[in-house]
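Please open the model in your viewer and keep the selection tool at hand. The tour goes from one selection to the next and says what is to be found at each stop.

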Amino acid sequence: MKWGKFDAPQWTIEQAMQAISALHKPFRDNGYALTLHGSVLVDGKGNDLDLIAVPMELSVTPPEEMEHIMCELLGARALPEEPRHGILRTWARACILSDGRQVDIEYRRPAPADRQTETISSFVSIFWQNGYHLELCSF
């Protein structure tokens, strides 16, 4: 479901890169990597700017605070609607810039502390039960 007006002013890839340049450091400083996806990336233009904020740390700034930071930096305001919550622990809400362009950002959230190793442990146990040794490493 798209939020905001379908006839909103278009984003260009150049405008998207300017926005990402303005947001990159504040998002990184708050524990997120920021990525562009959607029509602007694929077609070079689109009716909204689709962004995903992916946590790089176990403890990140909450999406509500990041939304405030993003809106302040871009001269935007959040839509007065409840955020969307997805099944993959996502939080999303669209913002509208003063010129009418839309930003639709989705925040991925780290797994709860009690589940940090649960998935890895069960994944590794499948290999061990079948006689394989599995080593995991991070670069």
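In which helix does methionine 70 lie? Methionine 70 lies in helix 3, where helices (H or I, at least four residues) and strands (E, at least two) are DSSP runs numbered from the N terminus. Before going further, please note that this is a predicted model, in which local features need pLDDT of at least 70 and side-chain atom pairs count only at pLDDT 80 or more, while totals for chains, interfaces and linings use all residues. Residues are numbered from 1 along each chain as its sequence is written, and side-chain values use heavy atoms, with hydrogens and water left out.

**The whole chain**

Of the 139 residues in the chain, 35% are buried; here buried means under 20% relative accessible area, exposed means over 50%, and partly exposed lies in between, with a 1.4 Å probe and protein chains only. Among contacts (heavy atoms within 4.5 Å) between residues at least 6 apart in sequence, 56% join residues at least 24 apart.

**Methionine 70 and its surroundings**

Select methionine 70 and show the residues around its side chain. Methionine 70 counts as buried because its relative accessibility is 1%. When neighbours within four places in sequence are left aside, methionine 70 is in contact with Leu23, Phe27, Cys95, Val103 and Ile105. The pair of methionine 70 and cysteine 95 is 25 residues apart in sequence, yet C-alpha to C-alpha the two are 9.1 Å apart in space.

**Helix 1 against helix 3**

Next, select residues 13-29, which form helix 1, together with residues 63-74, which form helix 3; their axes come within 10 Å and cross at roughly 140°. These axes are lines fitted to C-alpha atoms over the stretch in contact, and angles run from 0 to 180 degrees between N-to-C directions. Which residues of the two helices meet? From helix 1 there are Ala19, Ala22, Leu23, Pro26 and Phe27, and from helix 3 there are Met66, Ile69, Met70, Leu73 and Leu74. The residues of this contact divide into ten nonpolar, no polar and no charged, where Ala, Val, Leu, Ile, Met, Phe, Trp, Tyr, Cys and Pro count as nonpolar, Asp, Glu, Lys and Arg as charged, and the others, Gly among them, as polar.

**Two cysteines**

Now select cysteine 71 and cysteine 95 and display their sulfur atoms. A disulfide is taken as a pair of cysteine sulfur atoms within 2.5 Å, and by this rule the count comes to zero disulfides. Cysteine 71 is in no disulfide, and the nearest cysteine sulfur, that of cysteine 95, is 3.2 Å away. Cysteine 71 is buried at 8% relative accessibility, and cysteine 95 is buried with a relative accessible area of 0%.

Strands are said to pair if DSSP finds at least two bridges between them.

- Strand 5 (residues 76-78) runs antiparallel to strand 7 and is joined to it by three bridges, with cysteine 95 as the bridge partner of alanine 78.
- Strand 6 (residues 84-86) pairs with strand 7 in the antiparallel sense over three bridges, and histidine 85 stands opposite tryptophan 91. The two strands form a hairpin with three residues between them, and arginine 89 in the turn has a positive phi of about 60°.
- Strand 8 (residues 102-108) pairs with strand 7 in the antiparallel sense over seven bridges, and its isoleucine 105 stands opposite arginine 93. Four residues lie between the strands of this hairpin, in which glycine 100 takes a positive phi near 95°.

**Strand 2, the last stop**

Finally, select residues 32-37, which form strand 2. In a regular strand the side chains alternate between the two faces of the sheet. In strand 2, Tyr32, Leu34 and Leu36 make up the covered face, and Ala33, Thr35 and His37 the uncovered one. Strand 2 and strand 4 (residues 48-55) pair in the antiparallel sense over six bridges, and alanine 33 has valine 54 as its bridge partner. Is histidine 37 buried or partly exposed? At 35% relative accessibility, histidine 37 counts as partly exposed, and, not counting residues up to four places away in sequence, histidine 37 touches Asp50, Leu51 and Ile52.
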